[in-house]
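Have the sequence and the 3D view ready as you read.

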Amino acid sequence: MNPLSRRNFIAGAAGVSASLLLPARSWAATSKFKIGVISDEISQDFDHACYVIAKDFGLHYVELREIWGKNLQVSPDADIANAQKILAKYSLTVTDISSPLYKVNWPGAPVSGAGTKEDMHGADEVNFKHQDEVLERSISLAKQFKTNKVRCFDFWRIDDVKPYRAGINEALQKAAEKAASQSVMLVLENEFACNTATGREAAATLAGVPSRNLSLNWDPGNAVMRGELDAFPNGWDAIPKDRIHHCHVKNAIKDDTGKIVWSPVDKGYIDWAAQFRALEKIGYSDAVNLETHWKGGGTPEASTRISWDGMKKDLQQAGVFS
């Protein structure tokens, strides 16, 4: 497969042309998805990030992780209250709380070399015994920001996870049940540094956790970073589609040395126009949120703007509008 293959322009040309004629927030409002951005991908200045999302990108949704240099887990009440006012000012709706739940080592397993402080996105590095507190805080934040979804993970990656998989699944099951009692859904991200990193691994994890309150935050870019270069369509094909309730949009490619690196959304192994069409085909109507990780544009904001241009093009080409 050529990861830089051109999209089929002719098939989507009519839809693209029509959507480009709409005012910015109008075309986004007609999407069958909730199109958003993780705010700190643009800026730690939450007001500025929300301005860009609403006014420049023309979107209605935002995902929350860090505000003003602090992860929501450690943000003071005053910052939470200020963030709520800013969301109202820009008429933005929160899709989910991007929590660091279970981004820790599994107790009793060899200490993983996968996780880094940068991967915590401003959250404190705490151990397993504090995860109930992280879950409680995440549920509280979800209620404060009027969303019913909290992102989670399944522990830093272990070289041989088999001896620990049943215990990990039991922990996810219990957390999902606890969240369900508060009318909040957990969305497990397939994270390249964690034990569920690919589409195939996500399918296996979901099969091992019967709670329907544990769903998937599908991130094919993360799967590529873990080496699943066929994350779409083959990794995608393995996933039970009724368990997908969130999606992160990023891309990755091999550089000149053969190393897999992040890339703009419209350049890489994931054909996002095709992925968006596949999501539409299964009746998906939840969030598709930009989380570029790519730093090739200079500043975080510049990089995100470039990736947003690519994502917008792929959305329009996919024709996923009412």
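Helices (H or I, at least four residues) and strands (E, at least two) are DSSP runs, and they are numbered from the N terminus. This is a predicted model, in which local features need pLDDT of at least 70 and side-chain atom pairs count only at pLDDT 80 or more, while totals for chains, interfaces and linings use all residues. Residues are numbered from 1 along each chain as its sequence is written, and side-chain values use heavy atoms, with hydrogens and water left out.

Start with helix α9 (residues 231-238), where you will find Pro233. The peptide bond leading from Phe232 into Pro233 is cis, with omega near 15°.

Most residues other than glycine have a negative phi, and most peptide bonds are trans.

| Residue | Phi |
|---|---|
| Lys146 | near 60° |
| His293 | near 65° |

Lys146 is in the loop between α5 (131-144) and β6 (149-152), and His293 is in the loop between β12 (287-290) and α11 (300-318). Are these residues buried or exposed? Buried means under 20% relative accessible area and exposed over 50%, with partly exposed in between (1.4 Å probe, protein chains only). Lys146 counts as exposed because its relative accessibility is 72%. His293 is buried because its relative accessible area is 17%.

Finally, look at Ser215 in strand β8 (residues 214-218). Ser215 counts as buried because its relative accessibility is 1%. Which residues does Ser215 touch? Leaving aside residues up to four places away in sequence, Ser215 is in contact (heavy atoms within 4.5 Å) with Met185, Leu186, Val187, Leu188, Leu206, Arg243 and His245.
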